[in-house]
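Let's take a friendly walk through a protein model. Have a look at the picture first, and then read on.

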Amino acid sequence: MISVAPMQSMAHLKMQTCPRRMHDFGPWDRKPFQDEWRDDDTCSFCGSLNPVTLMRRLEAGDVALTPTDKTYKLYVENQGGAQFKQTYRTDHDQSGDQTKWEWTTREVSQAKFYFQHLDEGQMARFVELFNQRKLKLKYPGYFYATPYFMSLGPVPSI
Ligand SMILES: [Zn+2]
């Protein structure tokens with residue numbers, strides 16, 4: 001029989017390490033498990049949509065992707081599924097005291113996503129969906145900055 005330690009709370013499930021914290025330049029600590037998936041389904045460090053949600057939406061085919069000039073970023077637009085959520089500060093206080101900050105969550109049609117949040121399996125599946133032409137790419141209809149984990153073959157000459 002396998003014994004499983006009782007869970008104290010579900011909170012730890014939300015803790016994560018934002019890959020951008022660990023790799024980007026910045027004045028912040030490069031320590032794991034400082035970040036969490038917020039209630040609005042975004043990374044508390046970089047604001048990226050949760051990769052699990054992105055992959056689920058890509059499988060469902062109810063989102064379109066807008067490429068950017070960054071190899072690590074795209075925008076995800078709702079097309080017939082649930083709206084995304086965005087949390088932002090609504091107090092006008094310049095206080096450094098975070099307990100005084102007020103937050104509001106609203107529904108939005110678009111979310112941003114940073115590829116650094118994909119694990120290897122998710123990257124492989126993303127490429128698979130791309131190759132099967134199951135990704136809906138918005139203007140200009142292709143990745144003009146190729147996602148850093150993909151390599152596109154040579155463009156056939158016409
Ligand atoms: Zn992040």
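What follows covers a sheet, a nonpolar core and one tryptophan.

This is a predicted model, where local features need pLDDT of at least 70 and side-chain atom pairs count only at pLDDT 80 or more, while totals for chains, interfaces and linings use all residues. Residues are numbered from 1 along each chain as its sequence is written.

Start with the open sheet, whose 3 strands pair antiparallel in the order β3-β4-β7. Strands here are DSSP runs (E, at least two residues), as helices are (H or I, at least four), numbered from the N terminus; two strands pair if DSSP finds at least two bridges between them. The edge strands β3 and β7 each pair on one side only.

| Element | Residues |
|---|---|
| β3 | 63-67 |
| β7 | 110-114 |

Now for the largest nonpolar core, which has 14 residues. Such a core is a set of buried Ala, Val, Leu, Ile, Met, Phe, Trp, Tyr and Cys residues joined through C-beta atoms within 7 Å. Buried means 20 or more other C-beta atoms within 10 Å, exposed means 12 or fewer, and partly exposed lies in between, with C-beta atoms placed from the backbone. L49, L54, V76, A111 and F113 touch the most other members. β7 gives the most to this core, with 3 residues.

W37 counts as partly exposed because it has 19 C-beta neighbours inside 10 Å.
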